[in-house]
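Me: I would like to learn how to read a helical model residue by residue. Please take me through one.

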Amino acid sequence: MNSITYMAVVLVVVTMFVPTVLVVMVVVRVRVDLFQPQVGYSSPAQTGIMDDLGLTVAEYSLFGSILTIGAMMGAIVSGQIADYIGRRGTMGFSEIFCLAGWLAIAFSKGAWWLDLGRLLVGCGMGLLSYVQLGTYIYSRNNT
């Protein structure tokens, strides 16, 4: 069972029996586990992506490293966004970036869309890094 299916099953089961706070904690924890595939995605898929899209090594290197630039951009504004719409709202807002990024990567026909998708995924990760790890889990564990 892949991680997305696992997350869906957990959400369905948990929402029937457990209060909302615990549901949010499960979603947050599963989302932390989904960071790893986003970061390491480009390495095992390198030859397939380069062959399918006809990318050069330089273009693929940009695709592999632009995630970090997006994460820095997302982390810079994550505190301000969390102040305006709250921690849960920021987590949902970051998922919009991640979803749009993965869709851009999945349906890309050239290097530009591939890089844009990876940048959006990085922005989503940067937004989540402060809100999810820095404040949400920390404050829940200390109460």
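**Reading the model**

Reply: Start with Phe97, whose place is in helix 5. Helices (H or I, at least four residues) and strands (E, at least two) are DSSP runs, numbered from the N terminus. This is a predicted model: local features need pLDDT of at least 70, side-chain atom pairs count only at pLDDT 80 or more, and totals for chains, interfaces and linings use all residues. Residues are numbered from 1 along each chain as its sequence is written, and side-chain values use heavy atoms, with hydrogens and water left out.

Me: Is Phe97 buried, exposed or partly exposed?

Reply: Buried means under 20% relative accessible area, exposed over 50%, and partly exposed in between (1.4 Å probe, protein chains only). Phe97 has 23% relative accessibility, so Phe97 counts as partly exposed.

Me: Which residues is Phe97 in contact with, leaving aside neighbours within four places in sequence?

Reply: Contact means heavy atoms within 4.5 Å. On that basis Phe97 is in contact with Leu120, Val121, Cys123, Gly124 and Leu127, once neighbours within four places in sequence are set aside. Take Gly124: C-alpha to C-alpha, Phe97 and Gly124 are 5.0 Å apart in space, yet 27 residues apart in sequence.

Me: Where is Ser94, and is Ser94 buried or exposed?

Reply: Ser94 has its place in helix 5. Its relative accessible area is 0%, so Ser94 is buried. Beyond its neighbours within four places in sequence, Ser94 is in contact with Gly124, Leu127 and Leu128.

Me: What makes up the largest nonpolar core?

Reply: In soluble globular proteins, nonpolar side chains tend to be buried together. A nonpolar core is a set of buried Ala, Val, Leu, Ile, Met, Phe, Trp, Tyr and Cys residues joined through side-chain atoms within 4.5 Å. Here the largest one has twelve residues in all: Ala45, Ile49, Met50, Leu55, Tyr60, Phe63, Leu67, Ile105, Ala111, Leu114, Val121 and Met125. Helix 4 (46-53), helix 5 (57-106) and helix 6 (111-141) each supply at least two residues of this core.

Me: At what angle do helix 4 and helix 5 pack?

Reply: Axes are lines fitted to C-alpha atoms, for helices over the stretch in contact, and angles run from 0 to 180 degrees between N-to-C directions. Helix 4 and helix 5 pack at about 125°, with their axes 11 Å apart. Angles under 35 degrees count as roughly parallel, over 145 as roughly antiparallel, 65 to 115 as roughly perpendicular and the rest as oblique. Helix 4 and helix 5 are therefore oblique to each other.

Me: Which residues meet there?

Reply: Gln46, Ile49 and Met50 in helix 4 meet Val57, Tyr60 and Phe63 in helix 5.

Me: And the chain as a whole?

Reply: The protein chain has six helices and zero strands. Of its 143 residues, 38% count as buried.
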